[in-house]
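Please find below my notes on the model, arranged as numbered points.

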Amino acid sequence: MRLEDVAEELSVNMPQVRSLVRSGELPAIKVGGRGVWRVERTELEAYIDRQYTATREGLKQDDGGR
């Protein structure tokens, strides 16, 4: 997927997607001589799953583990 597609899928802006890629939080590869970034759909889905897990854990902590 192009980074633009990832931004649309996550409903965020391009700088946020670039930041996720630069930090390594969202794995991506550079393809071709022009260095176009691509994210595999499976990597995006894994990132989304991690965010759901982190959110659930954060909610549990906020509730005192209930």
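1. Helix H3 comprises 22 residues and spans 31 Å from its first C-alpha to its last, close to the 32 Å expected at 1.5 Å a residue. The expected span is 1.5 Å times one less than the number of residues; helices are DSSP runs (H or I, at least four residues) numbered from the N terminus. Just after H3, glycine 64 adopts a positive phi of about 75 degrees.

2. The model is predicted: local features need pLDDT of at least 70 and side-chain atom pairs count only at pLDDT 80 or more, whereas totals for chains, interfaces and linings use all residues. Residues are numbered from 1 along each chain as its sequence is written, and side-chain values use heavy atoms, with hydrogens and water left out.

3. The axes of H1 (residues 3-10) and H2 (residues 14-23) come within 9 Å and cross at roughly 110 degrees. H1 is therefore roughly perpendicular to H2 (65 to 115 degrees; axes are lines fitted to C-alpha atoms over the stretch in contact, with angles from 0 to 180 degrees between N-to-C directions).

4. In contact (heavy atoms within 4.5 Å) are Leu3, Glu4, Val6, Ala7 and Leu10 of H1 with Met14, Val17, Arg18, Leu20 and Val21 of H2.

Conventions:
Helices (H or I, at least four residues) and strands (E, at least two) are DSSP runs, numbered from the N terminus. Angles under 35 degrees count as roughly parallel, over 145 as roughly antiparallel, 65 to 115 as roughly perpendicular and the rest as oblique.
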